[in-house]
Amino acid sequence: MTEEARVLEFVNSRLARTGPVQDLALDLMKARIIDSMAMLELVVWLEQTFGLRVTNEHLVPENFRSVAALAGYVRRSRPGGCRP
């Protein structure tokens, strides 16, 4: 399963309250899918699922704005990836 598919599955099962997200580029913050509590849940899930360590410097909108951005962040944050 791709990073996009895994992130999309999590967003739709845990965070999307008004219906499933289908557009990988949808701004999850503007759509009010990610708020401060959802961000905490998302960070914990990312760390547990992908073995990442999300630091404060990585908590920027560019990394968390959309499913596509989150998947890109995961790929860059894995060992051997290009850090954001």
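This is a predicted model: local features need pLDDT of at least 70, side-chain atom pairs count only at pLDDT 80 or more; totals for chains, interfaces and linings use all residues.
From the N terminus on, the elements run α-α-α-α.

User: What makes this protein as compact as a globular protein of its length?

Analyst: Its radius of gyration is 12 Å, and the globule rule gives 12 Å for 84 residues, so the protein counts as that compact. For the outline, the C-alpha atoms fill a box of roughly 35 × 25 × 20 Å along the principal axes.

User: How much of the protein counts as buried?

Analyst: Of the 84 residues, 39% do; the cut-off is under 20% relative accessible area. The accessible surface comes to about 5100 Å², and 53% of that belongs to carbon and sulfur atoms.

User: Which residues touch the most other members of the largest nonpolar core?

Analyst: That would be Val11, Leu28, Leu42, Leu46 and Phe64, out of 24 residues in this core. Helices α1 (3–15), α2 (36–50) and α4 (67–77) each supply at least two of the core's residues. Helix α2 gives the most, with seven residues.

User: What is Leu28 in contact with, leaving aside its neighbours within four places in sequence?

Analyst: Quite a list: Val11, Val21, Ile33, Ile34, Phe64, Arg65, Ser66, Val67 and Leu70. Contact here takes heavy atoms within 4.5 Å. Two of those partners, Val11 and Phe64, are also among the core residues that touch the most other members.

User: What share of the contacts between residues at least 6 apart in sequence join residues at least 24 apart?

Analyst: For the protein, that share is 49%.

User: Why does Asn63 count as buried?

Analyst: Asn63 has 3% relative accessibility, and buried means under 20%. Since 3% falls under that cut-off, Asn63 is buried. Its place is in helix α3 (residues 61–64).

User: How do you know that the side chains of Asn63 and Arg76 are joined by a polar contact?

Analyst: The distance is 2.8 Å, and a polar contact needs a pair of N or O atoms within 3.5 Å, one able to donate a hydrogen and the other to accept it. The Asn63–Arg76 pair qualifies as a polar contact between side chains. Put together, Asn63 is buried and its side chain has Arg76 as a polar partner.

Methods
Residues are numbered from 1 along each chain as its sequence is written. Side-chain values use heavy atoms; hydrogens and water are left out. A nonpolar core is a set of buried Ala, Val, Leu, Ile, Met, Phe, Trp, Tyr and Cys residues joined through side-chain atoms within 4.5 Å. Buried means under 20% relative accessible area, exposed over 50%, partly exposed in between (1.4 Å probe, protein chains only). Helices (H or I, at least four residues) and strands (E, at least two) are DSSP runs, numbered from the N terminus. The radius of gyration is taken over C-alpha atoms; the globule rule is 2.2 Å times the number of residues to the power 0.38. Accessible areas come from the Shrake-Rupley method with a 1.4 Å probe; for residues, only the protein chains shown count as cover.
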